[in-house]
Amino acid sequence: MKLFKKTGVTLAAIASIGLSSCVTNPETGNKTISKAAIGGVAGAVGGYFLGDLVGGKRDRTEKILGAGIGAVAGAGVGYYLDEQQKKLERQTEGTGVDVVREGDSLILNMPSQVTFGVDSSAIQPAFQSTLSEVAGTLKEYEKTYIDVYGHTDSTGSDSYNQGLSERRAGSVASYLTSQGVQSARLATRGFGESQPIATNTTEEGRAANRRVEIRIVPVTEDDVQG
């Protein structure tokens, strides 16, 4: 069950809701699922992205304002995300990391086979240079909340998988902080095995489910004024 590049969704998920609309990235030539299709798939397999930020937006905004970080003007949110998306796609090209636009959010899907060893929460040395580049972009576009989500497959007990997912999310967040991303912007959450994006009945599906995601959400003027 092969993942589409730059979508982070599976063919099975797409087929299950009858979607087949694709577009081509004019810069990279890669085929991607259209935004409408991604939205439909996300509703089926990634609905947690529609929820509030980890810790709640009010508390997160207070921390960000306390760190002296500003907000994006309402009309500029789309452009702000577009520029980040282009840069992140260039930085992660060929690494196995998928960059997804989900409404006014960006999601980086990082499979565990490129980020972590088996049953480990230590970031693999080969991936650190890519994650350092991602951190550089997050620093450049600092007017964002950053959530880091950890996931596992269904192998092992619920409690163990929950702990592993939390440790992996924490490792990625700690690495970003070590590269200069302000901790006030970051929060983590482990989902254990509760949010699969593929079947857990095959090794390929389980590999897809073992992942860490970075969700990037702009801090808007409405957030600050609210």
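At roughly what angle do the axes of helix α6 and helix α7 cross? Before you look, note that this is a predicted model, where local features need pLDDT of at least 70, side-chain atom pairs count only at pLDDT 80 or more, and totals for chains, interfaces and linings use all residues. Residues are numbered from 1 along each chain as its sequence is written, and side-chain values use heavy atoms, leaving out hydrogens and water.

**Stop one: two helices.** Select residues 125-140 (α6) and 158-178 (α7): their axes cross at roughly 65° and come within 9 Å. Axes here are lines fitted to C-alpha atoms over the stretch in contact, with angles running from 0 to 180 degrees between N-to-C directions. Helices are DSSP runs (H or I, at least four residues), strands are E runs of at least two, and both are numbered from the N terminus.

Now show the side chains in the contact (heavy atoms within 4.5 Å). From α6 you'll want Q128, L131, S132, A135 and L138; from α7, pick V172, Y175 and L176.

**Stop two: two strands.** Next, grab β5 (residues 144-151) and β6 (residues 186-190), which pair in the parallel sense over five bridges. Pairing takes at least two DSSP bridges between the strands. Click on Y149 and you'll find R189 of β6 standing opposite.

**Stop three: a salt bridge.** Finally, head to α4 (residues 77-92) and pick E83 and K86, three residues apart, about one turn of the helix. They form a salt bridge, with the closest N and O atoms 3.6 Å apart. The term means a side-chain nitrogen of Lys or Arg within 4 Å of a carboxyl oxygen of Asp or Glu. The whole structure has nine salt bridges.
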